[in-house]
Amino acid sequence: MSEPIRFAHLSDWHATTLVGGGRGLLRPKRLSGWASWALRRRHHHDPAVLRAAFRDLRARGVRRVLVTGDLTHVSLPQEFRAARGHLAELGEPEAVFLVPGNHDCYVPVPAAESWDEWAAYLRGQSRDTLAPALAACVVDPPARDRAPRHADYPTLRVEGRLAVVGLCSAVPTPIFRAGGRLGSAQLERLERLLVELGRIGLCRVVLVHHPVIEAMEPPRRRLEDGAALRSVLERAGASLVLHGHKHRRRVGFLAGPDGPIPVIGVPSSSEVGSRPEKRARYHVYTVEERKGDDAGSPSGRFRIAAEVRGYDAASGEFVAVDERSEERRV
């Protein structure tokens, strides 16, 4: 990886509408979600803000984009179709990699009316495009017009020295709960995959919707097997873990075999600014490979710098929130 690699992280758009939801809303959990949308969320999340983020990405020449779910409110079929349009505005599937969030699995919905709308953005690489040792750690993607199911994760995309691993924590939950679950099979494949990616010297970026560090979330919104995920990361290592769900910027660290692993959450990409800490943000990362003596640093072989871009209501555009990039050696 001679040239630096840049990618953006966006999350929690909620930029769809429930107008016209009809009988699809007549389920207890969806009714609760509709009330939340009618009273609050529809005033907080604006597609115009999301499109301003897209404009800023293009103006800054950021091609690769990672998205950590919650594109919908209550998983209505019409919402998946609308969000498919947002994804198309953002970029081609080859440049945009998505994992689902809990709102994208709000209630059980047939895949043909939900995740399959985003199949090209959710899919990882086919096993026949990967080295045999990597192919053995992932499930082959389903047919081209089908999205991965929960049992098909983790997904993987490799470009040069950058490997992005997608996890699925999105499962239907009871009313008033918004937690997630990975499951033992996904975690077992993840550990083998991270070990192999580390062995061949790739920069390992992990995507998951729910926060990984337990202190960041109350029990009803928590990743059920978060402790098991943390154990995998601490044993196998990773360069960077990205999540959403909180609608706030969060930075934490896990102990890893080669040094601390940064765990960073991004706010919603469409929030108009109902609270200062929740105003729309997205992050831009630059990955550079260490050279010479620096490459042997115990903190790892890659240097990752993060820039925060935030929505400015006065101009209707995104600007640099802080001129100082937050650099972490990983």
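The legends below describe close-up views of a predicted model.

View 1. Helix α6 covers residues 184-199. At 1.5 Å a residue, its 16 residues should span 22 Å, and the end C-alpha atoms are 23 Å apart, which agrees. The buried residues of α6 include Leu 187, Leu 190, Leu 193, Leu 194 and Leu 197. Gln 186, Arg 189, Glu 196 and Gly 198 are also buried. After α6 comes Gly 201, with a positive phi near 80 degrees.

**View 2. Surroundings of His 45.** His 45 is found in the loop that runs between α1 (28-44) and α2 (47-59). With a relative accessible area of 8%, His 45 falls under the 20% limit and is therefore buried. Its side chain makes polar contacts with two serine side chains, that of Ser 270 at 3.0 Å and that of Ser 268 at 3.4 Å. Apart from neighbours within four places in sequence, the residues in contact with His 45 are Asp 12, Trp 13, His 14, His 247, Ser 268, Ser 270 and Glu 271.

**View 3. The aromatic pair Phe 7 and Tyr 285.** A pair of aromatic rings is described by the distance of the centres and the angle of the planes. The model has five aromatic pairs. In the pair of Phe 7 and Tyr 285, the ring centres are 5.4 Å apart and the planes stand at 25 degrees, so the pair is stacked. Phe 7 belongs to strand β1 (residues 5-10) and Tyr 285 to strand β10 (residues 281-289), so this pair ties together parts that are 278 residues apart in sequence. Both Phe 7 and Tyr 285 are buried.

View 4. The rings of Tyr 311 and Phe 318 form a tilted pair, with 5.7 Å from centre to centre and 55 degrees between the planes. Tyr 311 is buried, at a relative accessible area of 15%. Phe 318 is buried as well, at 3%. Together with Tyr 282, these residues form one aromatic cluster.

**View 5. Charged side chains over aromatic rings.** The ring of Tyr 106 has the charged end of Lys 29 over it, 4.7 Å from the ring centre. Over the face of Trp 37 lies Arg 42, at 5.8 Å from the ring centre.

Note on methods: Residues numbered from 1 in each chain as written. Predicted model: local features only at pLDDT ≥ 70, side-chain atom pairs only at ≥ 80, totals over all residues. Heavy atoms only, no water. Helix = DSSP H or I, 4+ residues; strand = E, 2+ residues; numbered from the N terminus. Expected span 1.5 Å × (residues − 1). Buried < 20%, exposed > 50% of the residue type's maximum accessible area, 1.4 Å probe, protein only. Polar contact = N/O pair within 3.5 Å; in protein donor to acceptor, adjacent residues only side chain to side chain. Contact = heavy atoms within 4.5 Å. Phe/Tyr/Trp six-rings, centres within 6.5 Å; stacked < 30°, edge-to-face > 60°. Lys NZ or Arg CZ within 6 Å of the ring centre and 35° of its normal.
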